Amino acid sequence: MSATEHRVNIIETRVLSDDWYTLKKTTFDYLRRDNTWQRQSRETYDRGNGATILLFNRERQTVVLTRQFRFPAFVNNHHGMLIETAAGLLDHASPEERIRAEVEEETGYRIQHVEKVFEAFMSPGSVTEKLFFFIADYDDSLKTGKGGGLEDEGEDIEVLELPLDKALEMIRTGEIVDGKTIMLLQHAALRVATVSAA
Ligand SMILES: Nc1nc2c(ncn2[C@@H]2O[C@H](COP(=O)(O)OP(=O)(O)O[C@H]3O[C@H](CO)[C@@H](O)[C@H](O)[C@@H]3O)[C@@H](O)[C@H]2O)c(=O)[nH]1
Ligand SMILES: [Mg+2]
C-alpha cells in the first residue's frame, strides 16, 4: 500500500477513449491536508511507460539524436520536426531491454551497456507515463544499420550526429524543444563539467 492510498477514495472510473491508447475520467474523494474530504475528477491519458537514451561519445564529445515528425507538436504551432533522444514505449518489457532495442531500431547503433541516470514523470497532471532515462557511450564500430525506425508503423526517423556543444546551443536557440532531450543533454554537460573540475 502506498503512503497516500488512505487519502484517495475512487468513486467512479469511465473510459472516455480506448483507441490507440487509453483516456479515462476518474471521480474520487481526496483527503486534503486539513483533514477534509473533497470530491475531484481528473482525466488521465495512459500510454504505458517509456524509455529514452542519449548516445554520447565522451572522447569526441559528440551525441546521436533523431529527428522525426511529431503531430501533437505540429498542432501546437510548431513545424513538428522534433530533434530528440532515441525513445520508445516499453510495451511491458524492462526499460533496459526496451531501450537497447529501440536505440538500434531508431539510430542503427547496437549498444550493450546502458547506464540509467534517472526516472521522471514528464506531464504528471494528465499523462500517467513515467520515463526511464539512460546514457551510453557509442562509437562507429557499434553502428550496425542505418536506423530510421519502423516504416510500417509510420516512423521516418533521421539520425543526427553532432557535437555536444552544438546540441546545447540548439537548446538556447529553440531548435531543440523536447523535454527529455534537454534533460539528457544538460545531464551530459554537467558530467563533462564535473569531470573537468575534478
Ligand atoms: N496509428 C497510431 N500510431 C501511433 C499513435 N500514437 C503513436 N503512434 C505510433 O506508435 C509508435 C510509438 O513509437 P515509440 O518509438 O515506441 O514511441 P515514441 O513515440 O518515440 O515515444 C517516446 O517518446 C515519447 C515522446 O517524448 C515519450 O513520451 C515516450 O515515452 C517514448 O519515450 C510510433 O510509430 C508512433 O507513430 C496513434 O495514435 N495512432
Ligand atoms: Mg520512438
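User: Why is E175 called partly exposed in this predicted model?

Analyst: The model is predicted. E175 has 13 C-beta neighbours inside 10 Å. A residue is exposed at 12 or fewer and buried at 20 or more. The value 13 falls in between, so E175 counts as partly exposed.

User: Where does E175 lie, and what is it in contact with?

Analyst: E175 lies in the loop between α3 (164-173) and α4 (179-197). Leaving aside neighbours within four places in sequence, E175 is in contact with I83 and M170. E175 and M81 are 94 residues apart along the chain. Their C-alpha atoms are separated by 9.6 Å.

User: What makes E102 buried?

Analyst: The count for E102 is 22 other C-beta atoms within 10 Å. Buried needs 20 or more. The count of 22 meets that cut-off, so E102 is buried. E102 is found in helix α2 (residues 95-107). Not counting residues up to four places away in sequence, E102 touches A51, A86, A87 and G88.

User: Is E155 buried, exposed or partly exposed, and why?

Analyst: E155 has 16 other C-beta atoms within 10 Å. E155 is found in the loop between β9 (130-136) and β10 (158-163). Q68, G149 and L150 touch E155, not counting residues up to four places away in sequence.

User: Which residues does UniProt list for "binding site", and how do you know that they cluster in space?

Analyst: The unreviewed UniProt entry lists A87, E102, E106 and E155. They are spread over 69 residues of sequence, yet the largest C-alpha distance is 12.2 Å.

User: Which residues surround ligand 1?

Analyst: The shell holds W20, G50, T52, A87, G88, L89, E129, L131, E153, G154, E155 and K180. These divide into four nonpolar, four polar and four charged residues.

User: Which strands each supply at least two residues of that shell around ligand 1?

Analyst: β4 (50-57) and β7 (86-89) do. β7 gives the most, with three residues.

User: What does the record say about residues 88-109?

Analyst: The unreviewed UniProt entry annotates them as "short sequence motif: Nudix box". In the model, this stretch is 59% helix and 9% strand. Its end C-alpha atoms are 15 Å apart.

User: Why are β1 and β3 called edge strands?

Analyst: Three strands form an open sheet in the order β1-β2-β3, with antiparallel pairing. β1 (8-18) and β3 (37-46) each pair on one side only, and they are the edge strands. The twist averages 20 degrees from one strand to the next.

User: How do you know that β2 pairs with β3?

Analyst: Ten bridges join strand β2 (residues 22-31) to β3. At least two bridges are needed for a pair. Ten bridges meet that requirement, so the two strands pair. They run antiparallel. One of the bridges links L23 to its partner Y45 in β3.

User: What does the whole chain look like?

Analyst: The chain has four helices and ten strands. From the N terminus on, the elements run β-β-β-β-β-α-β-β-α-β-β-β-α-α. The C-alpha atoms fill a box of roughly 60 × 45 × 35 Å, taken along the principal axes. Of the 198 residues, 21% count as buried. Among contacts between residues at least 6 apart in sequence, 57% join residues at least 24 apart.

Terms used. Residues are numbered from 1 along each chain as its sequence is written. Chains are lettered from A and ligands numbered from 1 in the order in which they are written. This is a predicted model: local features need pLDDT of at least 70, side-chain atom pairs count only at pLDDT 80 or more; totals for chains, interfaces and linings use all residues. Two residues are in contact if their C-beta atoms, placed from the backbone, lie within 7 Å. UniProt positions are given in the numbering used here, feature names are shortened, and annotations may be inferred rather than shown by experiment. A residue is near a molecule or strand if its C-beta atom, placed from the backbone, lies within 6 Å of it. Ala, Val, Leu, Ile, Met, Phe, Trp, Tyr, Cys and Pro count as nonpolar, Asp, Glu, Lys and Arg as charged, and the others, Gly among them, as polar. Axes are lines fitted to C-alpha atoms, for helices over the stretch in contact, and angles run from 0 to 180 degrees between N-to-C directions.
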